[in-house]
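Trainee: I would be grateful for a close look at the surroundings of the ligand in this model. Please connect that site to the parts of the chain that supply it.

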Amino acid sequence: MIHLEHSPLGGSGAHRFMTCAGSFLLHRHQLENDEFENIESEFASRGTAAHELAARAIIENTEPFEYLGEDFGGYLVGWPGGISLDATHVYFNECLGIVDRQGFGRVLVEETIHLPDLHPLLRGTVDFGYYNAIALWLRDYKNGEGIGVAAGGNRQLLYYAFLMIMADEHLRNLPRDFPCDLGIVQPNFYGIFEEPDTWVTTIGYVLDWGHNELLPRMNALMRAQDIDESDFVPGSHCQFCPVLLDCPKMQQAFREYVEGSEDFVLMLTDEELDRYYSQREYARRFMNALEATVHARLIGGAKIPSAKLVEKKTNRVWKPGAQAALTAAFGDKAFTPREIKSPAQIEKLSSRGKELALEFGYKPESVGLSVAPISDPRPAAKPKTNAAVFEAHAQRPEELGF
Ligand code: SF4
C-alpha cells in the first residue's frame, strides 16, 4: 500500500503523471516494495527553504529581509549560497499585493489539502491562495533558475485550484464563470523585474479539468498493473522525476551516449545525429541523477568502487592584517583594478539600474553561432555561407559600369 506522504499522484507531479504513466507505475512499484530512495537535490531543498522563509514572512506580517542571516533548512537568508532575498521578496510582494489590493478575503499559505473522498492520493500544498467576492487567486513560487515554467494551462496550477475549490463549500457553489487568476512566480528564471506569469480562467474550467481529465487519469493509473516500455514518455516533465535513474528511456539514452565514440559520431547521418541530439538532454539528466544518488549513497556509508568522496575545492583566503601588509609591500599592485559591472549585474541593483542598462547596454555583433535544442526560446539563426558573404559584397552590373 502506498504511503500518502510519498503520493506519486500529488499536485507537484501533475505535469509528469498526466503525460508519463510509467513515472507513476514505476514509482508505485518501488514504494510498495520498499525500494524507493528519495534523494532530494540541493536545488529542491533550497527551494523548500525559500518557501518556508516567504511563508513565515507572510504569516507573521514581517518582511523577508528581517530574517537576514537566519537559518531555514540549512540555508542562510541573504547569504551567498543561501536563500536569495531578492527572489523571495518578489514572491512575497506579489502575494501581499493581492491581499492589499483586494481587501478582505480568505488567505491560504502553504496549506496542504487532501481530499481522500474524491481520490485517496488527491493531495497537494497550495503555496498561496486567496479569494474574495470578486475572484480567486493562486500563486505558485518556483525558486529554480534553470527551466522557466509558464502559467497558461499549467496542470500543477489547475490541480491546486481544483483542490482549493473542492475543499471549500463556498467556492464549490460559486457560478462557473467566477474568475480564477492562476500564476507562477519564478524570479530566479524570469528576472526580479518581470511580472509573474499569470493565467485567468474560471471555476467552471478548473472543475471540468479536475473531473474530466485529472480524476479519470488518476483512476486509470491506479487500475493499471503492468508496466510497458511504451508507458514511459519523456519530455520537460522528466526534470524532477523521482524514478529518473530507473527509467528505461533515460537509461537507454545514457547507454547510447556512453557506447558512442568520437569517430562513431563523425560517421552518423543527419537523421542519426538528430536522434542522438534529441536524446542528449535525457542523458544529461541521467548523469545528474547518477551524481546525486552516488553522492547520497557514499555519504550514507555505501562502498561504490569507482567513486569516492573528496573535499570540495576551496580557495585560499587572507588572514586578518593581510591587507595592511600587502599594501605596504606592493601598494596599488596588491589590488585588482575596479571593473564596471555588466548590464545584467547592474540591472539587479535597482529599477534605476534597469533604466541605465536599457539606455547604455547593447549587444555587440554576433561572435558566432552555437547549437541549442529546438525548444530553446531564441529564434533560429542562419549560418553565413561563403555565397552569402560574397552576395553581401557583390556589386550590381550597373555599379561595375556594364
Ligand atoms: S524520467 Fe522516465 S519515468 Fe520519469 S517522467 Fe521521464 S520518461 Fe517518465
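Mentor: What follows begins with the ligand shell and then moves to the domains and helix packing. The model is predicted, and local features need pLDDT of at least 70, side-chain atom pairs count only at pLDDT 80 or more, while totals for chains, interfaces and linings use all residues. Residues are numbered from 1 along each chain as its sequence is written.

The ligand is surrounded by 15 residues, of which C20, S23, C238, C241 and C247 are the closest; a residue is near a molecule if its C-beta atom, placed from the backbone, lies within 6 Å of it. By class, this shell holds 10 nonpolar, 3 polar and 2 charged residues. Here Ala, Val, Leu, Ile, Met, Phe, Trp, Tyr, Cys and Pro count as nonpolar, Asp, Glu, Lys and Arg as charged, and the others, Gly among them, as polar. Two helices, α2 (21–32) and α9 (248–259), each supply at least two residues of the shell; helices are DSSP runs (H or I, at least four residues), numbered from the N terminus.

The chain is divided into domain 1 (8–231) and domain 2 (247–299), with bounds that come from an automatic or database domain assignment. Each of these domains gives at least three residues to the ligand shell. The centres of domain 1 and domain 2, taken over C-alpha atoms, are separated by 31 Å. Their contact takes 4 residues from domain 1 and 5 residues from domain 2, two residues being in contact if their C-beta atoms, placed from the backbone, lie within 7 Å. The side of domain 1 that touches domain 2 has 1 nonpolar, 2 polar and 1 charged residues.

Helix α9, which supplies part of the shell, also packs on helix α11 (residues 270–299): their axes come within 8 Å and cross at roughly 105°. Axes are lines fitted to C-alpha atoms, for helices over the stretch in contact, and angles run from 0 to 180 degrees between N-to-C directions. On α9 the contact is made by K249, M250, Q251, A253, F254, E256 and Y257, and on α11 by Y276, Q279, Y282, A283, R285 and F286. These contact residues divide into 8 nonpolar, 2 polar and 3 charged.
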